[in-house]
Amino acid sequence: MSEIPISYFLVLSAILFGLGVLAFVFKRNIITIFMAIELMLNAVNLAFVAFDRAHGAAHDGWVFVFFVIVVAATEAAVGLAIAITVVHNRQSLNIERVNLLKF
Amino acid sequence: MTLPLILFFVFAGLAVLGALLMIFLREPIHSALALILVMVALAALYLLLGAEFIAAVQIIVYAGAVMVLFVFVIMLLNAGEEERTNLSKLAHYVGWPLGIFLTVELVYWMSRATIGARVTTPTIAPGDPTRDLSMLLFKSYLFPFEITSILILIALLGALVLAKRDS
Amino acid sequence: MPIILNNLWIIPLLPLAGAAVNGLLGKQWPQSRVNAVGISSVSLTFLAVIELAREFLALPADQIPWVRSYAPWMVAGNFRADFNFQVDQLTLVMLGVVAGVGLLIHIYSTGYMAHEGGYYRFFSYLNLFMFFMLTLVMAGNLVLMFVGWEGVGLCSYLLIGFWFLRKSAADAGKKAFIVTRIGDVGFTIGILLVFWTFGSVNFSEIFKQASGMPIESVSQIGTLTTICLLLFAGAIGKSAQLPLYVWLPDAMEGPTPVSALIHAATMVTAGVYMVARMHILYSHAPLAMLVVAIVGAVTAFYSATIGLVQTDIKKVLAYSTVSQLGYMFLGCGVGAYAAGIFHLMTHAFFKGLLFLAAGSVIHAMGGEQDMRNMGGLRKKIPITYWTMFAATLAIAGVPLFSGFFSKEAILDAAKDGPYANLYLWTLGILGALLTAFYMFRLLFLTFFGEQRYDEHKVHVHESPKNMTVPLILLAILAVGGGWFAAPTMLGGPNHFENFLRPVFETGAPAAASALAENAGGPETGGNALLKSLAAPGVIVALIGFLTAWWFYIRRPDLPKKLAQIMHGLYELVLNKYYVDEVYLALIVRPLLWLSTNVFWHAVDERVIDGAVNGVGRGARELGGELRQVQSGNARSYATWVVIGAVGVTVLVLGVWGMVR
Amino acid sequence: MEFVAQHPVLVVSLVKIVVLLLLLMTALAYLTWFERKVVARIQARIGPLYVGAHGLLQPLADGVKFLFKEDVTPPASDRFVYVLAPFLALSLAMATIALIPFGPATIMILGVPTHLAIADVSLGLLFLFAITSMGVYGVALAGWSSNSKYPLLGGLRSSAQMVSYEVSLTLSVVGVVLLSGTLNFNELITNQSGYWYHIIPHWNVIPQLIGFFCYFIAAIAETNRVPFDLPEAETELVAGFHTEYSSFKFAMFFMAEYANMITVSCLAAILFFGGWLSPFPDRWTWQLYLPGAGLVLGAIWLAYDTAMKQRGIARIQLAVVTALALILGVACLIPAVMPIVQGPFWFLLKVLCFLFFYVWTRGTLPRFRYDQLMDFGWKFLLPVSLANLVVTAFVVTVRNR
């Protein structure tokens with residue numbers, strides 16, 4: 001049977017994470033910024049699963065993935081609710097236009 | 001070039017493509033679709049790593065629930081194209097290069113990780129991994145598990161309050 | 001089955017409970033209920049002590065001292081102090097004195113304080129004092145003892161300042177507290193040194209080790225000597241010896257029962273008790289013992305002289321207390337611990353009685369304390385008179401009265417004890433002379449001669465039962481108390497000393513032998529009696545009595561003449577040798593100046609406040625600069641996050657990776 | 001070529017996929033016919049009649065019609081998504097069929113042990129839910145992309161509805177999972193073999209009756225069928241999310257809906273009614289003849305019908321059908337084939353019953369109002385299924401003690 005080095009997965013997760021960071025900095029739309037965060041979380045999950053696989057028997061890695069997913073879900077729920085409120089108050093999804101809280 | 005390797009590259013490519021699309025598409029819903037693509041690809045990769053349960057959960061929760069929520073909200077707010085304002089000089093001049101630098105750095109170190117030498121055969125993990133996982137969750141990780149349930153409850157309430165106030 | 005022995009904590013906790021109940025709930029209660037609580041708690045304690053005595057006497061010798069630990073208190077490294085109580089003969093004597101006299105004075109107070117405000121407060125404090133005193137006496141280690149030590153100090157402060165609306169009272173309280181502190185500094189250091197030396201603060205452990213140590217020579221100041229001197233500093237403060245006696249006379253601002261209980265019978269004797277308790281250390285440090293003896297003797301004489309000319313009835317008693325304490329220390333200093341403790345006991349009886357009687361007089365005179373405005377009260381308040389008369393006889397050392405036996409024991413030890421010292425003995429004798437004089441002076445001024453007060457203003461009346469009864473009981477003790485040890489004088493064995501011997505024998509061979517020799521003299525009863533009747537103490541007592549009689553009954557005009565003749569000396573003594581003024585000038589003023597100008601204006605305001613405010617100002621300015629970063633644009637924040645992430649990763653992965 | 005030789009799995013799966021796909025397509029087509037007929041009967045009509053005998057060729061006609069209609073894409077629409085949506089819907093709906101086992105895990109076909117399912121996944125149920133949960137996108141995106149009021153509302157509604165009913169759907173199934181302690185379809189089914197009192201089949205419906213009801217109601221809502229078909233409530237939203245769709249894209253949504261129906265019915269059969277297990281005890285050997293016998297009888301009835309009622313071309317068509325039925329029936333009676341067909345026979349029968357039930361409800365019940373729908377979903381169905389789950393969990397725990 002054929003084999004894949006773990007490092008492939010790790011590199012992939014690194015790339016995805018980096019892209020997530022870029023999106024996080026680059027995007028202006030609140031919702032897409034949330035998506036960027038989700039992307040980063042996913043990258044981390046991939047790394048977790050890969051490590052778990054590398055370590056074999058015990059599946060603690062999966063547990064972490066599980067928790068990350070749960071947290072991500074809650075984060076999305078609350079975040080989107082906030083986004084809705086923001087839009088209702090500011091009539092804009094552009095995060096650069098939501099800048100009252102300063103100095 | 002063996003079958004699993006091919007599959008890996010296919011799905012990895014899809015994932016990266018999706019991520020890039022998510023960044024460069026201006027329509028929020030397109031970004032959302034791109035992200036869904038990433039997630040599905042990741043699920044497939046999980047299967048390659050023998051994490052069936054995680055793959056399923058990934059699709060159910062992320063693709064099936066979280067992203068649906070995103071799409072739903074986008075539809076609800078009828079979010080149009082995002083405007084590329086550049087009010088933040090910092091983000092404009094520093095953010096980009098640093099982000100790229102971070103990516104490169106991470107890739108470099110990840111590729112050099114000692115654990116990376118291990119190889120994985122894309123078969124199902126021995127035994128009943130799902131059972132093991134549940135054992136872990138409900139035995140050694142019981143407390144965190146309960147905490148997360150409380151977290152979910154709180155998030156639910158918070159979302160409720162936020163949504164209720166402006167309705 | 002010993003009840004109290006296994007539950008020693010009962011004894012101190014009873015008064016504490018009383019104090020708590022009265023202090024917390026007593027405010028709205030009628031006096032009767034406050035009395036019920038206060039008196040019952042103390043009398044229960046007294047009963048407990050009696051029961052304890054009964055059980056204790058039944059104990060086999062090898063189980064003494066009886067130590068019980070109830071809970072670990074402080075455990076830090078190898079330092080360990082428990083709530084442990086120790087009972088031996090000495091403790092038992094102290095317990096008896098404290099509980100017994102305490103009970104009587106409680107009863108007395110119900111009458112004396114009946115018309116005072118803050119009634120519940122008074123009794124709460126009194127009970128609290130009992131608690132601390134009992135703790136002090138029963139403590140099984142130095143630290144717990146120190147707790148009691150400080151606790152009684154606190155109660156004394158509270159009670160001296162009981163009429164805190166009167167400035168003099170409040171000041172007196174503060175003075176007592178602060179002056180005592182000075183001594184306590186020494187005491188604290190002493191405790192630390194003890195732990196440093198013996199690695200423990202438990203008496204049993206300390207004594208076991210100390211008795212093994214060599215006896216230090218008089219010339220050198222070794223560890224034990226240092227310890228003893230430091231501890232003695234505490235005793236000086238607490239027991240108002242030279243040079244720290246100044247607080248006691250002022251303490252007379254407090255209610256008379258307080259003076260009786262705290263400043264005559266119990267608290268001030270704590271120092272003596274402590275020295276006796278630590279006697280093993282002392283008997284290994286002759287130099288320290290010498291110091292103790294000298295201080296005691298000098299104080300005894302010195303304050304007696306002051307007592308000669310005082311006109312305030314309580315002040316006289318106060319100075320006499322100081323001098324009597326001096327005797328006790330003298331006793332301890334010359335190795336006659338048993339005698340010292342014995343004097344402590346008898347003194348508790350007669351001096352407590354004297355104060356109570358004086359209180360009764362003051363009560364009768366409606367608050368008047370100046371003896372010059374009294375006189376001829378003999379007929380008006382007979383009970384008070386007779387009891388006070390008995391007490392005077394006792395303190396003056398008239399044979400067969402309690403004071404006689406104890407004081408004689410001390411003077412004998414000073415004359416031909418193991419640490420005998422003729423100078424000290426002389427001082428003691430002179431002190432005895434003066435004592436007799438001023439005591440009879442007090443008696444005559446108060447009860448004899450023509451009445452020098454206004455019949456119509458002051459309505460003199462005998463005190464109520466609950467005051468007179470304690471007087472009578474104490475009088476009986478004051479008269480007969482000496483007979484615990486009487487047979488020495490009459491050539492028999494000295495029960496009191498025999499009783500205490502197991503305590504004082506341990507590790508102090510010299511002293512013990514001396515005691516033994518004192519205990520059963522070879523002489524036959526007859527000439528022993530003669531010897532003791534011919535003892536200088538008796539003679540000087542007689543002289544004192546006669547002179548007093550001559551001056552104040554026969555020729556009442558003499559004193560003024562005398563005062564004019566040796567005017568300077570008179571003024572000097574009347575103003576207590578200007579000691580307070582000296583202290584004020586030498587210590588208090590400079591200290592005040594220092595703290596005001598240096599510590600307050602310079603250090604506190606400039607340095608500390610400056611630093612604090614400076615930090616605050618700096619933070620504010622820095623924040624003012626930094627807040628510009630918070631542009632309100634979330635993307636900038638995101639970028640900051642990324643910067644941070646890059647920093648961390650470079651640091652961790654990069655640097656750490658290179659290192660590996 | 002040798003790459004394929006290395007992986008025989010691929011070939012087998014490919015064959016299975018093709019076969020199943022064809023079957024499924026026909027099934028979908030004729031499901032429409034079936035529905036129209038039944039509904040017609042319920043409404044005292046006759047239903048399709050003219051295209052072929054008993055309107056048997058109606059589905060084909062519809063298919064052709066869809067193909068040749070003009071394909072309109074609204075100019076304001078978002079092209080990509082607009083096109084993507086129906087594909088997503090249909091493909092996801094049909095993908096689920098890959099997990100459904102039609103027969104026992106190992107049966108011999110031509111001496112080769114074969115599994116009557118495309119894939120036997122150890123977490124089959126979970127993956128099925130994964131795929132169905134994606135199904136929302138078809139509707140939502142369709143509604144959004146066509147960039148017009150009614151579709152948007154329809155899309156919003158249906159996505160909300162699907163998300164909220166998905167919860168109780170999953171919960172109602174968890175009870176069964178708890179009972180049999182596995183997520184694999186085959187194990188789920190084999191765990192249901194056996195009989196109470198040697199006669200009552202050991203199916204999950206009996207302990208999980210409440211669970212079954214919750215499941216079925218939630219399933220109807222999931223598939224946007226009457227009485228939960230608000231997304232395409234023609235009285236208020238014209239045609240809901242696929243208002244703007246025409247021609248074959250519309251057909252795709254149509255097929256997707258029916259495919260979903262089939263999936264859900266299969267799932268119901270597997271989880272609650274013992275999948276491909278026969279309802280009769282094994283000792284009754286005569287039941288082996290039932291498939292063949294049934295088909296043959298059907299053929300005979302058709303033959304009678306052909307001879308008596310039909311005229312002209314219809315007669316020929318029916319004759320063909322009859323012949324087919326007869327051949328199939330006889331084939332099923334061949335001893336070699338007989339064991340193979342048992343599983344599929346019972347399974348399809350059960351599925352058919354559920355489909356009939358679907359049509360029946362559609363013919364019977366009125367439509368909910370939207371708020372009623374949401375209230376029902378959150379305030380009744382969810383609590384009930386939760387309670388069912390809790391009770392089941394309790395019972396299981398006690399039993400395992």
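How many residues does helix H13 of chain D have, and how far does the helix reach from its first C-alpha to its last? To find out in this predicted model, select residues 312-333 of chain D: helix H13 has 22 residues and reaches 32 Å between those two atoms, close to the 32 Å expected at 1.5 Å a residue.

Keep H13(D) selected and colour D:Leu318, D:Val321, D:Thr322, D:Ala325 and D:Cys332, which are its buried residues. Looking down the axis of H13(D), you will find that these buried residues fall within an arc of 105 degrees, so they line one face of the helix. On the other side of H13(D), D:Ile313, D:Ile316, D:Val320 and D:Ile327 are exposed.

Now move to residues 209-222 and 247-272 of chain D, helices H9 and H11, whose axes come within 10 Å and cross at roughly 170 degrees. H9(D) and H11(D) are therefore roughly antiparallel to each other. To display their contact, show D:Phe212, D:Tyr215, D:Phe216, D:Ala219 and D:Glu222 on H9(D), together with D:Val264, D:Ala268 and D:Phe272 on H11(D). Sorted by class, this contact has 7 nonpolar residues, no polar ones and 1 charged residue.

Finally, bring chains A and C into view, where the contact takes 10 residues from chain A and 10 residues from chain C. On the side of chain A that touches chain C, the residues divide into 7 nonpolar, 1 polar and 2 charged.

How values were computed:
Residues are numbered from 1 along each chain as its sequence is written. Chains are lettered from A and ligands numbered from 1 in the order in which they are written. This is a predicted model: local features need pLDDT of at least 70, side-chain atom pairs count only at pLDDT 80 or more; totals for chains, interfaces and linings use all residues. Helices (H or I, at least four residues) and strands (E, at least two) are DSSP runs, numbered from the N terminus. The expected span of a helix is 1.5 Å times one less than its number of residues. A residue is buried if 20 or more other C-beta atoms lie within 10 Å of its own, exposed if 12 or fewer, and partly exposed in between; C-beta atoms are placed from the backbone. The arc is that of the directions from the helix axis to the C-beta atoms. Two residues are in contact if their C-beta atoms, placed from the backbone, lie within 7 Å. Ala, Val, Leu, Ile, Met, Phe, Trp, Tyr, Cys and Pro count as nonpolar, Asp, Glu, Lys and Arg as charged, and the others, Gly among them, as polar. Axes are lines fitted to C-alpha atoms, for helices over the stretch in contact, and angles run from 0 to 180 degrees between N-to-C directions. Angles under 35 degrees count as roughly parallel, over 145 as roughly antiparallel, 65 to 115 as roughly perpendicular and the rest as oblique.
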